[in-house]
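These are my notebook entries on one chain. I record what I looked up and what I found.

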Amino acid sequence: MSQHHTETYTCPKCGHAQEMQYWDSVNAQLDPEMHEKIMNREFFDQKCDECGAVVRIMYTFLYHNMEHKLMVYMIAETDPEKQKEAIDKINELSDMVENAPTDELASLLSGMSDGYTNRIVADYNGLIEKIIIANNGFDDRLIEIIKAIVMSRLGDALKGKTLDAIYYDENAEGERALVFVFDDGKTAAIDFPADLYDELKEKLLPDLDPITPKGYAVIDYSWALGAFAEMSGT
Ligand SMILES: [Zn+2]
């Protein structure tokens, strides 16, 4: 079930106070309209009734997709204290899951049933990426490992440039790509290496579960580097 509550918000442009709906959680199947807004990058946009100004107000919420068995916490706090609080709250739950005496209790505590993927992301792009990956039937851990491999292969080609992020993406035509976002705002893309994905799926997938944190996990580039080290025993 999706949950939301109402809070008063003051328009930064004209000072008009109005109510806005905060979604504590969104269920993609029960609220397809909100799912669409998330994917269209309109989810956090608030329109002022008085002056029409559209302002993006980011907040932390839980995305739940029953079809793809995916739950993603998006932490959107910019205030470092609040950010820490939000992460601590989710980590407390993860610790309880990690230390649960039985697997059954662990799955009860984390509120997930078998086969669920539970993730924490720190921004809107990260949330959308996780949803597209699940929608394409891919494993996000293998995607992060592919990013690390591609980065090591590109090596010299990226010299002198600073990367902000790499995202897996699919365009309207269904073409899949890895998109590089540089610190100057410019982007570049390469075709998604589907053959490499298939190869890694066969070779690595069985070894990933033991090195994947239970409960809500941050699965990103840093995780992929750690996973490499662990799998090669260094
Ligand atoms: Zn206004």
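**Entry 1: Arg 41**

I began with Arg 41, which counts as exposed because it has 12 C-beta neighbours inside 10 Å. I located Arg 41 in the loop between helix 1 and strand 3 (45–47). I then looked up its backbone angle: Arg 41 is not a glycine, yet its phi is positive, about 60 degrees. I noted for comparison that most residues other than glycine have a negative phi. I also wrote down that the model is a predicted one.

**Entry 2: the chain as a whole**

I next looked up the overall composition. The chain holds seven helices and ten strands. Of its 234 residues, 21% count as buried. I then took the contacts between residues at least 6 apart in sequence, and 57% of them join residues at least 24 apart.

I looked for another residue with a positive phi and recorded Lys 69, which is not a glycine and has a phi of about 50 degrees. Lys 69 sits in the loop between strand 5 and strand 6. It counts as partly exposed because it has 15 C-beta neighbours inside 10 Å.

I then asked how far apart Lys 69 and Gly 115 are in space. Their C-alpha atoms are 6.8 Å apart, although 46 residues separate them in sequence. Gly 115 belongs to the loop between helix 3 (103–109) and strand 7. Its C-beta neighbours inside 10 Å number 6, so Gly 115 counts as exposed.

**Entry 3: helix 4**

I turned to helix 4, which covers residues 124–135 and has twelve residues. From its first C-alpha to its last it reaches 17 Å, close to the 16 Å expected at 1.5 Å a residue.

Which residues of helix 4 are buried? I listed Gly 126, Leu 127, Ile 128, Glu 129, Lys 130, Ile 133 and Ala 134. I then looked up what covers these buried residues, and the elements include helix 1 (32–39), strand 5 (61–65), strand 6 (70–74), strand 7 (117–121), helix 5 and strand 8 (163–170). After helix 4 comes Gly 137, with a positive phi near 75 degrees.

**Entry 4: helix 5 by itself**

I checked the length of helix 5 in the same manner. Its 15 residues should span 21 Å at 1.5 Å a residue, and its end C-alpha atoms are 21 Å apart, which agrees. The buried residues of helix 5 are Asp 140, Arg 141, Leu 142, Ile 143, Glu 144, Ile 145 and Ile 146. Their cover includes helix 4, strand 8, helix 6 and helix 7. Gly 155 follows helix 5 and has a positive phi, near 25 degrees.

**Entry 5: helix 5 against helix 6**

I reminded myself that two packed helices are described by the angle between their axes and the distance between the axes. For helix 5 and helix 6 (residues 194–208), the axes come within 10 Å and cross at roughly 120 degrees. Helix 5 is therefore oblique to helix 6. I recorded the crossing of helix 5 and helix 6 as right-handed.

On the side of helix 5, the residues in contact are Arg 141, Leu 142, Ile 145 and Ile 146. They meet Leu 196, Tyr 197, Leu 200, Lys 201, Leu 204, Leu 205 and Leu 208 in helix 6. I sorted the residues of this contact into nine nonpolar, no polar and two charged.

**Entry 6: helix 5 against helix 7**

How do helix 5 (residues 140–154) and helix 7 (residues 221–231) cross? Their axes come within 8 Å and cross at roughly 80 degrees. The two helices are therefore roughly perpendicular to each other. Helix 5 contributes Glu 144, Ile 145, Lys 147 and Ala 148, which meet Tyr 221, Trp 223, Ala 224, Leu 225, Ala 227 and Phe 228 in helix 7. The residues of this contact divide into eight nonpolar, no polar and two charged.

**Entry 7: Val 218**

Val 218 is partly exposed, because 18 other C-beta atoms lie within 10 Å. Leaving aside residues up to four places away in sequence, Val 218 touches Ile 120 and Trp 223.

Notes
Residues numbered from 1 in each chain as written. Predicted model: local features only at pLDDT ≥ 70, side-chain atom pairs only at ≥ 80, totals over all residues. Axes fitted to C-alpha atoms, helices over the stretch in contact; angles between N-to-C directions. Helix = DSSP H or I, 4+ residues; strand = E, 2+ residues; numbered from the N terminus. Parallel < 35°, antiparallel > 145°, perpendicular 65-115°, else oblique. Contact = placed C-beta atoms within 7 Å. Nonpolar A, V, L, I, M, F, W, Y, C, P; charged D, E, K, R; others polar. Expected span 1.5 Å × (residues − 1). Buried ≥ 20, exposed ≤ 12 C-beta atoms within 10 Å, placed from the backbone. Left-handed = near helix turned anticlockwise from the far one by under 90°.
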